Amino acid sequence: MAFRSRRALAVFWKDFLDLRRNPVLLLGMAALPLVLVVVPIIVVWTYVRDPNDSNLRVIALYYDPTLPLNANAGRFLVERTLLDWFGMFLVMPVFVPILISSQSVAGEKERRTLEPLLASPVTAMELVAGKSLASLVPALIITWMAFVLLCVGVDVVAWPLGQGPMLPNTLWLFGILVLAPLFAFFGNGVAVLISARVAEARTAQQIAALIVLPLVGLVAGQVAGFLHAGPVYYAVQGGVVLLLDVALLWASVRLLDRERLISRWG
Amino acid sequence: MSGISVQGLAKRFGARTAVEGLDFDVRPGEVFGLLGPNGAGKTTTVRMLTGLLQPSAGEARVWGHSVRTDGEALRRVVGLLTEQPGLYERLSARDNLRFFMKLHELDERQVWPRARSYLERFGLAGRENDPCGGFSKGMRQKLAIVRTLVHDPKVIFLDEPTSGLDPESARTVRDAVAELAAEGRTIVLCSHNLAEVERLCTRVAVVKGRLLAMAPVNELRRTGSALEVKVEGEAERYVQALSALPFAPNVLAEGARLRVMLADEAQAPDVVACLVGAGARVRSAVPAQRPLEEVYLELIREGRV
Ligand SMILES: Nc1ncnc2c1ncn2[C@@H]1O[C@H](COP(=O)(O)OP(=O)(O)O)[C@@H](O)[C@H]1O
Ligand SMILES: [Mg+2]
């Protein structure tokens with residue numbers, strides 16, 4: 001069976017149209033990015049507000065006891081916050097595709113639209129490709145838009161530190177351009193596979209959302225100082241997710257066929 | 001090769017056999033009924049014939065395409081109306097149709113006029129741009145029928161097209177199906193509704209886990225026969241005697257009339273003799289056609305549960 005991109009694009013077109021008319025889902029998708037942008041801006045603002053506050057130095061020393069006496073504690077903390085928040089920010093490209101793909105695959109079963117769809121010439125692979133695209137594209141657009149807002153917000157608030165813009169920096173650009181697509185692919189792949197096995201979108205969403213927990217756990221570890229996140233750490237994380245993506249792709253090709261998709265609702 | 005040919009088709013889900021031993025042919029231009037109660041395996045059969053499920057045994061060809069090996073080619077020539085209309089409710093009627101045109105890689109500008117002519121005939125013209133979430137059940141079902149037609153399929157499978165509809169919508173959907181039949185389309189209609197099959201189909205297969213009977217609708221009605229006997233006085237009192245006959249026929253008594261179901265016309269003289277023996281004064285005894293419902297119910301009772 002040949003892969004016909006026209007049919008995959010038809011699925012993409014339909015899902016995208018459907019998403020645009022789904023205010024509940026759009027709202028759900030907007031909530032997380034909003035938090036992920038607004039919270040760090042507020043945190044940065046509290047550090048910048050009074051750079052001579054002696055408490056700042058105390059907090060900074062907690063993170064790094066070797067901090068030189070003449071270092072600017074405020075700036076140190078802002079940089080530290082942005083580094084930690086980076087991991088948190090990457091939850092977004094995982095989470096948004098989970099929301100969309102659960103709806104679009106298990107949702108088709110739930111609303112009984114999958115059977116007419118599978119009775120058309122579209123192949124299971126084209127279906128998954130179209131649906132994945134319809135979830136990856138919005139997820140990355142949202143992530144990138146949120147990133148632009150974050151950069152503008154942080155730079156405006158941190159301007160008084162007076163050493164030029166703090167964002168974007170190389171790490172963040174690497175994260176947004178390389179890690180985010182890998183993470184999005186991961187979230188989508190998990191959601192699609194789970195959606196294929198369960199009957200309801202809500203169930204698929206909940207199970208798939210569980211996979212975000214380890215990621216949040218890692219970030220929590222970072223903030224608490226157990227993990228020392230840095231470029232190497234994130235590069236390793238990227239490599240691991242890349243391997244997981246390949247595994248998911250392999251599993252999807254093997255596990256998703258017409259009969260399995262249709263039989264799982266009896 | 002046109003038409004449908006089914007040989008020894010069976011589907012098992014684990015240990016459970018949904019349907020087995022199906023053999024039938026559907027000729028081009030025919031409206032073929034698959035009649036059977038809920039759980040008889042109609043949907044399973046249609047799913048096998050549209051390439052959605054792989055048969056566990058047997059083979060079927062639809063317009064020459066094997067359901068086992070030519071799934072994609074098969075799906076290009078069939079149209080399936082599923083039990084639920086399965087429309088995208090947030091999308092307009094038009095976008096629902098456009099999606100399927102795209103899936104069939106058709107040029108919208110070329111096929112839209114035909115789709116629109118069906119929308120007009122089914123009373124949906126003017127609603128193309130409304131989200132179909134706001135449509136009534138009957139409208140949805142008719143839109144779903146138009147959707148099964150966008151690629152001008154050789155054969156359409158209609159799975160219980162009127163179940164769950166109110167009588168009024170059911171009638172408009174039936175009229176729509178009758179129009180398609182009048183166009184000479186090949187249709188396989190699944191139903192548990194006798195009147196519907198009787199009105200729309202030329203030939204019918206009665207199924208319940210397996211094939212119980214297959215005949216043109218009016219011939220099926222003649223399967224077995226009945227004898228209508230008029231006696232003097234209350235007919236009721238002879239029911240007992242008749243039931244004691246070796247072939248124990250089903251008997252209905254109403255006033256002075258008896259309706260005796262026969263497997264064979266050769267049983268008629270025994271019935272009359274029995275009545276006379278029981279002291280009945282027989283005024284008349286005429287052969288009658290059994291109502292289709294009776295034939296159907298009897299077949300279903302004989303069929304495996
Ligand atoms: N995916 C499935 N898994 C297990 N059993 C099924 C499945 N689909 C149908 N069945 C069983 O097969 C039998 C026939 O079902 P179906 O074809 O839907 O009948 P009908 O359409 O005539 O009502 C039923 O007993 C049903 O429970
Ligand atoms: Mg059914």
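**Note on a predicted two-chain model**

1. Cys190(B) is buried, with a relative accessible area of 0%, where buried means under 20% relative accessible area with a 1.4 Å probe and protein chains only. Cys274(B) is buried as well, at 17%. A search of the whole structure finds zero disulfides over all chains, a disulfide being a pair of cysteine sulfur atoms within 2.5 Å. For Cys190(B), the nearest cysteine sulfur belongs to Cys201(B) and is 9.6 Å away.

2. This is a predicted model, in which local features need pLDDT of at least 70 and side-chain atom pairs count only at pLDDT 80 or more, while totals for chains, interfaces and linings use all residues. Residues are numbered from 1 along each chain, chains are lettered from A, and side-chain values use heavy atoms, without hydrogens and water.

3. Tyr233(A) and Tyr234(A) are edge-to-face, at 5.1 Å centre to centre and 75° between the planes, and both are buried. Tyr118(B) and Phe122(B) have centres 6.0 Å apart and planes at 45°, so their pair is tilted.

4. Two arginines deserve a look beside tryptophan rings. Arg94(B) has its charged end over the ring of Trp112(B), 4.3 Å from the centre, and Arg49(A) lies over the face of Trp45(A) at 5.3 Å; the criterion is NZ of Lys or CZ of Arg within 6 Å of the ring centre and within 35 degrees of the ring normal.

How values were computed
Buried < 20%, exposed > 50% of the residue type's maximum accessible area, 1.4 Å probe, protein only. Phe/Tyr/Trp six-rings, centres within 6.5 Å; stacked < 30°, edge-to-face > 60°.
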